[in-house]
Amino acid sequence: MTTAAGEPHRRPYAGAGPDRRPSAVWALTWLLVATAAATVVVDVLNWWYAPERGFGLAVRSGWALLRTLGFLILIRHVRRGRAGARPFGLILAVTTIFAVGRLVVPRAGVPPLPGLLGFAILAALCVAVVWLLYRSPSIRDHLVRHPHRLVIDRRGVSWQEAVPRRPPVTGWLLTARVAAFTYSPLTLVPALVAIGTILDGRLLAAPTVVLWFVVGVAVSYAVLFSSFFLLRGKRWAGVLLMLVTVLVLGVNLPMCWLLLGVDGLVRDGTPLVVAAAMTLYGLRRAARAAAQPGRSGPVPDPGRAARDPAGPPVTVRPG
């Protein structure tokens, strides 16, 4: 079979299509699978070698195990090329290190060697995940797509990729948003641990624990409200998110110290401080990028360029 020009027709290679994923994406996918498995193994080792298996350790271990579900969600986002996979992966990797690391160190004595080795491997995997997400050009060019939504137009109803109507935002702003969404679980986990103090006979602590739960739920709505307007370019939303961050630190750190002691302050307060620092730093970097001259114009959408590789039509005048 020949073409119109007389050249033999060649069937294109099946793996050379535009949907073929780069090798770095496959490497990142298997790295995330290994990180999810390592999270489970290290959590089981910490539980097995723990000298005290109390209520607090059970709550913190369950929260660490939920990281496995987070890595599975991240794998799905990476395979689908979601642009939000990078900030989500950064926050998940950092908080996983702290969530599992606080289980390795016992209240007294030296940490067991299997737990230390497992934690070192898990930390190295998390660092490798962040490095690939932010340093690999292939992965950066792959993570450009937006989620699919129900679109209603003149052609009817369809389920397709839809570019958000909000103005384009920087990656630091998305990182700050994702980090702020961890405030609520990082508040509810120590509040759940504090239930153990009530079970031990400290009934007077019950109203304080209930108030702690109310604060944790209210924080989730406050972050959702502020981040919604933050992504739409409202400056007051960034100030509101900063105030929420200060409020969360001002409530949780004293609560951890009063109800859980110094040990609880270190184990449960440190991850919250790190999340707050990432939120504030992301807001600062985003504000600095927005204030730079020449950045006020619209940012090109790489996802749209990937979907239309031919680019805009070019008009050529006849000579």
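Modeller: A residue counts as buried under 20% relative accessible area, exposed over 50% and partly exposed in between, with a 1.4 Å probe and protein chains only. This is a predicted model, where local features need pLDDT of at least 70, side-chain atom pairs count only at pLDDT 80 or more, and totals for chains, interfaces and linings use all residues. Residues are numbered from 1 along each chain as its sequence is written, and side-chain values use heavy atoms, with hydrogens and water left out.

Colleague: Thanks! Is Thr96 buried or exposed?

Modeller: Thr96 is buried, because its relative accessibility is 0%. Thr96 sits in helix H3, residues 85-104. Helices here are DSSP runs of H or I with at least four residues, strands are runs of E with at least two, and both are numbered from the N terminus.

Colleague: And what is Thr96 in contact with?

Modeller: Taking contact as heavy atoms within 4.5 Å, and leaving aside neighbours within four places in sequence, Thr96 touches Thr39, Arg67, Phe71, Gly101, Leu122 and Cys126. Leu122 and Cys126 are among the buried residues of H4.

Colleague: Tell me about H4, then. How many residues has it?

Modeller: H4 covers residues 113-135, so to speak 23 residues. From first C-alpha to last, H4 reaches 32 Å, close to the 33 Å expected at 1.5 Å a residue; the expected span is 1.5 Å times one less than the number of residues.

Colleague: What do the buried residues of H4 pack against?

Modeller: They pack against helix H1 (23-49), helix H2 (55-79), H3 and helix H5 (137-142). Gly115, Gly118, Val129 and Leu133 are among those buried residues.

Colleague: How far apart are the end C-alpha atoms of H2?

Modeller: They are 37 Å apart, which agrees with the 36 Å that the 25 residues of H2 should span at 1.5 Å a residue. Just after H2, Gly81 takes a positive phi of about 75 degrees.

Colleague: Changing topic to rings. How many aromatic pairs does a search of the whole structure find?

Modeller: Five. Rings of Phe, Tyr and Trp (its six-membered ring) pair if their centres lie within 6.5 Å; planes under 30 degrees apart are stacked, over 60 edge-to-face, and the rest tilted. Phe225 and Phe229 make an edge-to-face pair, because their centres are 5.1 Å apart and their planes stand at 65 degrees. The two are four residues apart in helix H8 (residues 206-230), which means about one helical turn between them.

Colleague: Which residues do ring pairs link into a cluster?

Modeller: Phe225, Phe228, Phe229 and Trp236. The charged end of Arg232 sits over the ring of Phe228, 3.9 Å from the centre; the cut-off is NZ of Lys or CZ of Arg within 6 Å of the ring centre and within 35 degrees of the ring normal.

Colleague: Last one: how many residues has the largest nonpolar core?

Modeller: It has 34, and Tyr183, Trp212, Val223 and Leu259 have the most contacts inside it. H9 gives the most to this core, with 14 residues. A nonpolar core is a set of buried Ala, Val, Leu, Ile, Met, Phe, Trp, Tyr and Cys residues joined through side-chain atoms within 4.5 Å. Beyond neighbours within four places in sequence, Tyr183 is in contact with residues including Val219, Val223, Val248 and Leu272. Another core lies apart, of 28 residues, among them Ala24, Ala64, Leu74 and Val129.
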